[in-house]
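This report covers the pockets, the nonpolar cores and a few individual residues of one protein model.

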Amino acid sequence: MNRVWLPLLAPVMLYQGRRVRQRTPVLPEAGGARSGICGRGETRHLWVVGDSAAAGVGVALQKEALTVRLAERLADTHTVHWQCHAKTGLTLNDTVALLDSMDAQRVDTLVVSAGVNDVVHMRSRRRWSKALEQLAGLSREKFGVSQLVVCAIPPMEAFPALPWPLSAIMGARARRLNRLTRRRADALGFLFHDARIDVTGELMASDGFHPGPKGYQQWASSLAQRLAGTAQT
């Protein structure tokens with residue numbers, strides 16, 4: 001959508017945004033333990049950090065959410081010490097601040113889910129790029145991360161909960177941030193990963209915003225393949 005139209009559409013977007021907040025069910029974060037150990041073999045420390053998707057909103061328990069499903073995939077060849085550090089509403093800057101507030105410790109693989117809230121709050125590309133730099137530096141210097149994965153913002157234009165034109169505008173902003181992330185990945189030393197979940201189908205939760213059990217399962221499977229070097233994104 002041409003940006004020239006954005007000022008004219010601003011009242012419509014504000015109205016639609018309020019209606020979405022009023023009508024969309026607020027789902028809780030997944031319950032259950034947020035740390036554990038599984039598998040056998042060489043030790044691997046896995047953290048999943050970020051927003052409500054990282055926190056497992058859309059499923060009842062962490063065993064159905066991203067962190068545990070990914071840990072179980074990696075457990076075929078490793079003893080996985082896994083942790084989830086996530087909270088509904090976090091932006092990428094918030095995620096960096098969360099990591100900065102934590103004690104230094106070993107983390108081999110760090111998976112970051114963020115961006116939807118940055119889109120909703122209209123964060124600039126400059127601010128997003130700066131946060132990526134801070135994330136990459138902090139991950140290496142404080143936690144010794146050898147595999148940093150930044151997950152793509154999902155295609156918000158297809159979210160069932162978002163009406164047009166709000167969906168088109170949110171989707172365009174998400175794509176711009178994704179393109180920027182992909183461009184910066186090599187220079188900053190992280191992997192950009194797009195799970196390509198079908199956000200319109202049975203993979204989504206009832207709120208039309210978050211993955212459901214099958215969505216998290218697909219996301220974890222694609223991430224495990226990516227980390228093993230067998231998938232191309």
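The model is predicted, so local features need pLDDT of at least 70 and side-chain atom pairs count only at pLDDT 80 or more, while totals for chains, interfaces and linings use all residues. Residues are numbered from 1 along each chain as its sequence is written, and side-chain values use heavy atoms, with hydrogens and water left out.

**Pockets**

A pocket is an open set of points on a 1 Å grid over the protein atoms alone, with protein on both sides within 12 Å along at least five of seven lines; its lining residues have an atom within 4 Å of a point. A volume is the space filled by probe spheres set on the points, which are joined across faces, edges and corners.

| Pocket | Volume | Lining residues by class |
|---|---|---|
| Largest | about 1,200 Å³ | 30 nonpolar, 11 polar, 6 charged |

The lining of the largest pocket has 47 residues, and Val116, Asn117, Val120, Phe209 and His210 lie nearest its centre. Helices α1 (6-23), α4 (116-120) and α6 (166-188) each supply at least two residues of that lining, and α1 has the largest share, 6 residues. Helices (H or I, at least four residues) and strands (E, at least two) are DSSP runs, numbered from the N terminus.

**Nonpolar cores**

A nonpolar core is a set of buried Ala, Val, Leu, Ile, Met, Phe, Trp, Tyr and Cys residues joined through side-chain atoms within 4.5 Å. Buried means under 20% relative accessible area, exposed over 50%, and partly exposed in between (1.4 Å probe, protein chains only).

The largest nonpolar core has 42 residues, and Leu99, Leu110 and Met156 have the most contacts inside it. Elements that each supply at least two residues of this core include β2 (42-50), α3 (92-101), β4 (109-113) and α5 (125-143). The largest share of the core, 8 residues, comes from α6. Another core, of 31 residues, lies apart from it and has Ala55, Trp82, Ala195 and Leu223 among its members.

**Single residues**

Serine 222 lies in helix α7 (residues 213-227) and is buried, with a relative accessible area of 13%. Its side chain reaches the backbone oxygen of tryptophan 219 at 2.9 Å. Beyond four places in sequence, serine 222 touches His193 and Ala195.

A cis peptide bond, with omega about 10°, joins tryptophan 164 and proline 165. Proline 165 is found in the loop between β5 and α6.

Methionine 122, in the loop between α4 and α5, has a positive phi, near 60°, in a residue other than glycine. Methionine 122 counts as partly exposed, at 37% relative accessibility. Arginine 196, in the loop between β6 (191-193) and α7, also has a positive phi, near 55°, and counts as exposed at 54% relative accessibility.

Note on methods
Polar contact = N/O pair within 3.5 Å; in protein donor to acceptor, adjacent residues only side chain to side chain. Contact = heavy atoms within 4.5 Å. 1 Å grid on protein atoms, 1.4 Å probe; cavity = no way out; pocket = protein on both sides within 12 Å on 5 of 7 lines; lining within 4 Å. Nonpolar A, V, L, I, M, F, W, Y, C, P; charged D, E, K, R; others polar.
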